[in-house]
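Me: Hey, I've got a new structure open and I've never looked at it before. Can you walk me through a few spots?

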Amino acid sequence: NGKTTQTQRQFNIVDSLSLQIGSHTLKFGADYRRLMPSVATPAYEQSAAFSNVSEMEAGTLLDAAVYSSSRAPFVLQNLGVFAQDTWRVRPRLTLTYGLRWDVDFSPRTSSGPSLPAVVNFNNLATLGIAPAGTPVFSTKYSNVAPRIGVAYQFFQKKGWESVLRGGW
């Protein structure tokens with residue numbers, strides 16, 4: 001059977017909590033994603049290529065290949081956590097500020113052979129295959145993103161409402 005099948009399984013857990021305390025609206029949340037794409041390729045496949053019909057009849061190959069694959073299901077994970085405060089400083093002025101922390105974990109397999117990784121990626125002369133079990137990339141735990149925003153309402157007259165917003 002030369003058939004290839006693909007499936008995508010995903011777990012996603014998302015939640016947030018909001019609290020109103022005086023002129024402050026505090027919001028906290030988390031988002032965890034786990035993706036498990038699966039590609040089931042044939043266990044064995046071979047192919048031959050010829051330039052034209054006469055070369056095929058003569059048995060003159062242009063290219064030949066034999067493929068053997070193992071099924072190693074991927075696991076991709078991401079975690080995001082945030083906290084923010086929306087502070088109504090005055091009836092027309094609102095400040096929003098907070099922090100977000102994201103972690104993209106190195107891809108791996110849930111069973112079977114590990115994903116191949118390389119060493120010396122920045123130097124092609126010494127580029128090579130890393131030892132089995134080496135992560136594809138190092139997981140960074142320092143991805144912190146601050147956020148700040150401001151909104152000012154210039155006019156409140158019906159039909160003439162105007163708000164200036166800015167953020168970083």
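Predicted model: local features only at pLDDT ≥ 70, side-chain atom pairs only at ≥ 80, totals over all residues.

Me: Okay, let's start with Gln84. Which strand is it in?

Reply: Gln84 sits in strand 5, which covers residues 74-90.

Me: And what does Gln84 touch?

Reply: Leaving out residues up to four places away in sequence, Gln84 touches Thr25, Leu26, Lys27, Thr96, Tyr97, Gly98 and Arg147. With Arg147 there is a polar contact, side chain to side chain, at 3.2 Å.

Me: Switching to Tyr32. Where is that one?

Reply: Tyr32 is in strand 2, residues 24-40. Its relative accessibility is 24%, so Tyr32 counts as partly exposed.

Me: New topic: charges. How many salt bridges does a search of the whole structure find?

Reply: The search finds 2 salt bridges. In general, side chains of opposite charge can pair when their charged atoms come close. One of the bridges joins the side chains of Arg33 and Asp31, at 3.0 Å from N to O.

Me: Is Asp31 buried or exposed?

Reply: Asp31 counts as buried, because its relative accessibility is 14% and the cut-off for buried is under 20%. Arg33, with a relative accessible area of 32%, is partly exposed.

Me: What about the salt bridge of Asp102, which residue is the partner?

Reply: The partner is Arg100, and the closest N and O atoms are 3.0 Å apart. Asp102 counts as partly exposed at 22% relative accessibility, and Arg100 is partly exposed too, with a relative accessible area of 31%.

Me: Now the rings. How many aromatic pairs are there?

Reply: The count comes to 2 aromatic pairs. Phe105 and Tyr141 make an edge-to-face pair, 6.3 Å centre to centre with 70° between the planes. This pair links distant parts of the chain, 36 residues apart. Phe105 is in the loop between strand 6 (93-104) and strand 7 (108-109), while Tyr141 is in the loop between strand 9 and strand 10 (143-155).

Me: How open are those two to the outside?

Reply: Phe105 is partly exposed at 24% relative accessibility. Tyr141 has a relative accessible area of 53%, so Tyr141 is exposed.

Me: And why is the pair of Tyr152 and Phe154 edge-to-face?

Reply: Their planes are at 75°, so the pair is edge-to-face, the cut-off being over 60 degrees. The ring centres are 5.1 Å apart. Tyr152 is partly exposed at 34% relative accessibility, and Phe154 is partly exposed at 40%.

Me: Last one. Which residues form the nonpolar patch on the surface?

Reply: Val118, Phe121, Leu124, Leu127 and Ile129 form that patch, and together they have about 570 Å² of accessible area. Leu127 lies in the loop between strand 8 (118-119) and strand 9 (128-129). At 38% relative accessibility, Leu127 counts as partly exposed.

Definitions and conventions: Residues numbered from 1 in each chain as written. Heavy atoms only, no water. Helix = DSSP H or I, 4+ residues; strand = E, 2+ residues; numbered from the N terminus. Polar contact = N/O pair within 3.5 Å; in protein donor to acceptor, adjacent residues only side chain to side chain. Contact = heavy atoms within 4.5 Å. Patch = residues over 30% accessible without salt bridge, like charges linked within 9 Å, V, L, I, M, F, W, Y side chains within 5 Å. Areas by Shrake-Rupley, 256 points an atom, 1.4 Å probe, with all protein chains shown as cover. Salt bridge = Lys/Arg side-chain N within 4 Å of Asp/Glu carboxyl O. Buried < 20%, exposed > 50% of the residue type's maximum accessible area, 1.4 Å probe, protein only. Phe/Tyr/Trp six-rings, centres within 6.5 Å; stacked < 30°, edge-to-face > 60°.
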